[in-house]
Amino acid sequence: MEVTIKILYRKIILICIIFLSTLIFLDNLSGLNMYNSPNIWVAFLLNLFVVFLSLLFNGIDFVTMLLFCIVILLVPLMIQYFTGASYGILNLNIIQLKMPELFEYTFTYSAIFLLLSIVFNFKDNEYLLINKVKIRSSNYSIYFNNAIAIIFTIVAFPRLGFSTNAESRFDMLLPGHAWNQLVIVGLLFNLPYLKKRSVKITYLFVIFWFLIDGERADITGLFLGLFIYYIMTHSLSKNMWKIVLLIFILLFILIILNNIAAVRNRTAISNSLYSLLVTPTISDVGYLLNVAIDYLGNYGPLHGKILISNFWSAIPLSNTIGFTDIINAANYMNPGGEPFLAEPIMDFGKYGVVIIAFLDFLIFRFFVEFKNKFFKLEFLLLLCSIPRIVWYGRSYVYTGIIFFIPVLFIVNVIINKKGSEIDADL
């Protein structure tokens, strides 16, 4: 009873802090709209503060990592705005940086999402699902999942070697898209058996093949997801030194992943903090977020066109006109990617950001509501796809959630049943 009251008090205090932060942000808007440097810094720090509040309440979990990956896009934009030097197309400064809108939309989404996560106990349900639900498989299904991961690694990236051409890099052996997501699904089905030699070899093969082909989003997501999963399943909240050690290891991995882009693009390798802050992917996606705002100002809202396209594109063999096609048609330079907030901004403007914050939370909250093996696998895919969702759009993950996991889950159930019958006959 006493613990429950303490948690309730903590929630109330954090909710009050979020509302107070919102009032400060609104009071700061007039100066922000005039591009006053102090007001820009206040808006930036308030966005970071929301992530800090999530870390304070939720710890290192899905919500914190999602908000972090959204807010981190503001870093290269800030560097570009104040120094005039960042990376790639953002560095060319072709489109005026829409600083007021960038901060307002990001803060609006993050504050609403965090508030909802606190009120509706996302963290508690997340921890119960991760820690209480066990995934058990037979050796037959483990070998099958390994085979799926290996086969579709080659299907997704048939050309082994660094490539500067994104189109050739994603020239898959099968029609459609998102087969690389099926690889991640296959790995996650075998996550509880990572100590097995065959599973370790499969993980190493996939990571090696993806990185040699210059594919960092899936591997970054996999590392981040496993990092969060490890923290939640090993009760590290009281072992801060272990968390700090893991964070340093993770930063080292991210520096390596960052330099893979440099190798692929034939540019100089750098281990500097500046290189990490303006990492190619974050800079490119930050630029595209600015493009989405510029598009809205120039052409008006699309009234749900991208949202509908995202749902259709969940079908693996589909070919729809989405964010990339729309900005290409408007003659924007496009380095590739689809920022998480681009769809609501371009579809419905400011109100779209508010609406999508509620819709996204309802969807993500749904996956931690049911405590069973199927939904644990669904949530693990979300957990290991945060960078891909935030930086490359929702459609890839929709494909995995709606098609790949259900199909593979049914096949695993059948294989486990048949495997038990075979073992019984021996």
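Why does T106 count as buried? The relative accessibility of T106 is 1%, and therefore T106 counts as buried; the word buried stands for under 20% relative accessible area, exposed for over 50%, and partly exposed for what lies in between (1.4 Å probe, protein chains only).

This is a predicted model, in which local features need pLDDT of at least 70, side-chain atom pairs count only at pLDDT 80 or more, and totals for chains, interfaces and linings use all residues. Residues are numbered from 1 along each chain as its sequence is written, and side-chain values use heavy atoms, with hydrogens and water left out.

## The whole protein

The protein has 22 helices and 0 strands. Both kinds of element are DSSP runs numbered from the N terminus: helices are H or I with at least four residues, and strands are E with at least two. Of the 426 residues in the protein, 55% are buried. A contact here is a pair of heavy atoms within 4.5 Å. Among contacts with a separation of 6 or more, 77% join residues 24 or more positions apart.

## Helix α6

T106 is placed in helix α6, which covers residues 99–119. Apart from neighbours within four places in sequence, T106 is in contact with N47, I70, V71, L74, L289 and L341. E101 also lies in helix α6. With a relative accessible area of 28%, E101 is partly exposed. The C-alpha atom of E101 is separated by 9.8 Å from that of D294, although these two residues are 193 residues apart along the chain.

The buried residues in α4 are L74, V75, P76, L77, M78, I79 and Q80. L74 is also one of the residues in contact with T106. Just after α4, G84 takes a positive phi of about 75°.

In helix α16 (residues 305–312), the residues I306, S309 and N310 are buried. Viewed down the axis of α16, the buried residues fall within an arc of 100°, so they line one face of the helix. The arc is taken from the directions that run from the helix axis to the C-beta atoms. An α-helix has 3.6 residues a turn, so residues three or four places apart point the same way.

## Two helix pairs

The table gives the packing of two pairs of helices. Axes are lines fitted to C-alpha atoms, for helices over the stretch in contact, and angles run from 0 to 180 degrees between N-to-C directions.

| Helix pair | Angle | Axes apart |
|---|---|---|
| α7 (residues 122–132) and α12 (residues 217–233) | about 85° | 10 Å |
| α10 (residues 179–189) and α20 (residues 373–383) | about 125° | 10 Å |

Angles under 35 degrees count as roughly parallel, over 145 as roughly antiparallel, 65 to 115 as roughly perpendicular and the rest as oblique. At an angle of about 85°, α7 is roughly perpendicular to α12. In this pair, E126, Y127, I130 and N131 of α7 meet Y229, M232 and T233 of α12. The residues of this contact divide into 4 nonpolar, 2 polar and 1 charged. Ala, Val, Leu, Ile, Met, Phe, Trp, Tyr, Cys and Pro count as nonpolar, Asp, Glu, Lys and Arg as charged, and the others, Gly among them, as polar.

At an angle of about 125°, α10 is oblique to α20. The residues Q181, I184, V185, L188 and F189 of α10 meet L377, L380 and L381 of α20. This contact divides into 7 nonpolar, 1 polar and no charged residues.

## Residues in loops

H303 is placed in the loop between α15 (280–299) and α16. Its phi is near 55°, a positive value in a residue other than glycine. H303 is exposed, with a relative accessible area of 62%.

N331 is placed in the loop between α17 (323–329) and α18 (342–348). The phi of N331 is near 65°, again positive in a residue other than glycine. The relative accessible area of N331 is 69%, so N331 is exposed.

I315 is placed in the loop between α16 and α17. With a relative accessible area of 33%, I315 is partly exposed. The C-alpha atoms of I315 and G400 are separated by 9.5 Å, and the two residues are 85 residues apart along the chain.
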